[in-house]
Amino acid sequence: MSTTSPKKEIRMNAFALHSPVHHSPGMWRHPRDRSLQYNTLDYWVDLARTLERGLVDSLFMADSVGVNDVYGGSVDTALRHGAQVPKQDPVMSLSAMAYATENLGLAVTSNANHEPPYVFARRMSTLDHLTRGRIGWNVVTGFAQSSVKVLGKDGVASRDERYDIADEYMDVVYKLWEGSWEDAAVVRDPASGVFADPSRVHRVDHQGKYFRLQGIHLTEPSPQRTPMLFQAGSSARGMRFSGRHAEGIYLSGPSKKVLAPVVARTRAEAVEAGRGANDIKFFAMATIITGRTAQEARDKYEDYKRYVTPEAALAMFSGWTGIDFSTYDPDEPIRYMQLDAGTSSALEGFTRLDPDRIWTVKELALHNAIGGRGPVFIGAPHEVADALEEWVDETDIDGFNLSYAVTPEAYEDYADLIVPELQARGRYKTRYAPGTLREKLGGQGRLLPRSHPGAAFRR
């Protein structure tokens, strides 16, 4: 009898931004692309329905209040090419997408260094109610100077301090979500006229280094209480934060060699925090370009390349790293050790963690011009499925965060061509699991498990 353990079911998120451009600058000019409709509800509702047809686990909405203004010392290049500016608040479209779907999870980014935790906690509880428990939160700390300037702050805190702030922020929202209202607090008794039992609703009194708060949580407990928690940090401090808090992690890197050690170390951090190594789901950013045949897929890729805007890609990469690549020669090699200690992990994935490859500025621009910092899988459905399986099996990730070249074509192709191939191999679900987003992603229930630090705040 074989003792081979069953292979993982491959999970999928879709990756989007409320902007004409996310990770493929210039593609809004493609005749089949609908990115210019980013400011309409019809676009987002149609996209949500397509993703649910493809049994995608959730739509991950990136966000920040910063702009890509490092390249050339101004926002001009980003504005000229629509490179993640303008950028709308993604929260506004979530209710419409939830109303149009039954199972699709909806994860939104919010910066723990920017918005007061009390206001944010209420918004997320409201969304968790309205979506019947399908909300996730991507916790970020941010490093862009443009973000702090518009918020009236003097400067960006160090990486470690940003995570210290985020750790305290998490304690505050856990107190609100988990500890303010007991399960039995909500009575809703028409006969007695009692809606809630005041003795079971508790005031949060938090007096910390970064936050002060006194008051009850303003909404009754939502289906998940604490939304499904995602994170994207891959620095040593980020991995420690993720090991403690994250239930899902978004990764990006150009090769399996880059991702595997991050996954292994973060799982070890989870164990160190008293959790299980597999309590975290990992999603690597990737882009799929496929067709009914390998030639059709290759033809699509060659067609897409005609719309690539390398300068806009460099403007975006400058914003991610804090390095003005307009000052570099296109053929200049980029070595991590030549750069200052504040360089973000966005560049680290291409340099220090991939020592066999020396990237030039031009190569960085072309690599990031379609799909961003992850791999681009090009081929017939069976070729793409082979690549997806290899990445999952060799890096211990759980699935992918699907970026796109042309939208919604990329997600329609995924639903129509890749999903049937993965299902035939037994690597992809044939229906959604019931319950909340946490349950659909394999959680032990609708609430944070007892091993999670946030559950300690529950009464």
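Which strands and helices are included in what covers the buried residues of H13? Open the model, which is a predicted one, and let's go and see.

**Stop 1: helix H13**

Select residues 381-395, the stretch that makes up H13. Count along the helix and you'll get 15 residues. From the first C-alpha to the last, H13 reaches 21 Å, close to the 21 Å expected at 1.5 Å a residue.

Now colour the buried residues of H13: Pro381, Val384, Ala385, Ala387, Leu388, Glu389, Trp391, Val392 and Thr395. Here is a handy rule for reading that list. An α-helix has 3.6 residues a turn, so residues three or four places apart point the same way.

Back to the opening question. The cover over the buried residues of H13 includes strand S1 (11-16), H8, strand S11 (281-290), strand S14 (376-379), S15 and H14. Show those elements one by one.

**Stop 2**

Next, select phenylalanine 377. Which residues does it touch, leaving out those up to four places away in sequence? The contacts are Ala286, Thr287, Ile288, Ile289, Val384, Ala387, Leu388, Trp391 and Phe400. You have already coloured some of these names: Val384, Ala387, Leu388 and Trp391 are among the buried residues of H13.

Zoom out to the largest nonpolar core, which has 78 residues. The members that touch the most others are Leu59, Trp137, Phe377, Leu388, Ile397, Phe400 and Tyr414. Helix H6 (residues 159-179) supplies the largest share of this core, with 10 residues. There is also a second, separate core of 18 residues, and Ala83, Trp320, Ile334 and Val361 are among its members.

**Stop 3**

Go back to H13 and step off its end onto aspartate 396, where phi is positive, near 70°. Now show the side chains of aspartate 396 and arginine 267: they meet in a salt bridge, 2.8 Å from N to O. Aspartate 396 sits in the loop between helix H13 and strand S15 (399-403), while arginine 267 is in helix H8 (residues 256-272), so you are looking at a link between distant parts of the chain, 129 residues apart.

Are the two partners buried or exposed? Aspartate 396 counts as partly exposed because its relative accessibility is 31%, whereas arginine 267, at 6%, counts as buried.

While you're in this area, select Lys7, Asp386, Glu389, Asp393, Glu421, Arg425 and Arg427. Salt bridges with shared partners join these residues into one network.

**Stop 4**

The structure holds 35 salt bridges. Side chains of opposite charge can pair when their charged atoms come close.

Arginine 53 is partly exposed at 45% relative accessibility, and aspartate 416 is partly exposed at 43%.

For another pair, pick aspartate 205 and arginine 203, with closest N and O atoms 3.9 Å apart. Aspartate 205 is partly exposed, at 42%, but arginine 203 is exposed, at 54%.

**Stop 5**

Time to look at the backbone. Most residues other than glycine have a negative phi, and most peptide bonds are trans.

Select glutamine 84, in the loop between H2 and H3. Its phi is positive, about 65°, although it is not a glycine. With a relative accessible area of 9%, glutamine 84 is buried.

Move along to valine 85, in the loop between helix H2 (76-81) and helix H3 (91-100). Valine 85 is buried too, at 12%. Leaving aside neighbours within four places in sequence, valine 85 contacts Ser19, Val67, Val75, Ala78 and Leu79. What kind of peptide bond joins valine 85 and proline 86? It's a cis bond, with omega about 5°.

You can find a cis bond between threonine 407 and proline 408 as well, with omega about 5°. Proline 408 lies in the loop between S15 and H14.

Finish at arginine 225, in the loop between strand S8 (212-215) and strand S9 (228-231). Phi of arginine 225 is positive, near 60°, and at 3% relative accessibility arginine 225 counts as buried.

Technical notes. Residues are numbered from 1 along each chain as its sequence is written. This is a predicted model: local features need pLDDT of at least 70, side-chain atom pairs count only at pLDDT 80 or more; totals for chains, interfaces and linings use all residues. Side-chain values use heavy atoms; hydrogens and water are left out. A nonpolar core is a set of buried Ala, Val, Leu, Ile, Met, Phe, Trp, Tyr and Cys residues joined through side-chain atoms within 4.5 Å. Buried means under 20% relative accessible area, exposed over 50%, partly exposed in between (1.4 Å probe, protein chains only). Helices (H or I, at least four residues) and strands (E, at least two) are DSSP runs, numbered from the N terminus. Contact means heavy atoms within 4.5 Å. A salt bridge is a side-chain nitrogen of Lys or Arg within 4 Å of a carboxyl oxygen of Asp or Glu. The expected span of a helix is 1.5 Å times one less than its number of residues.
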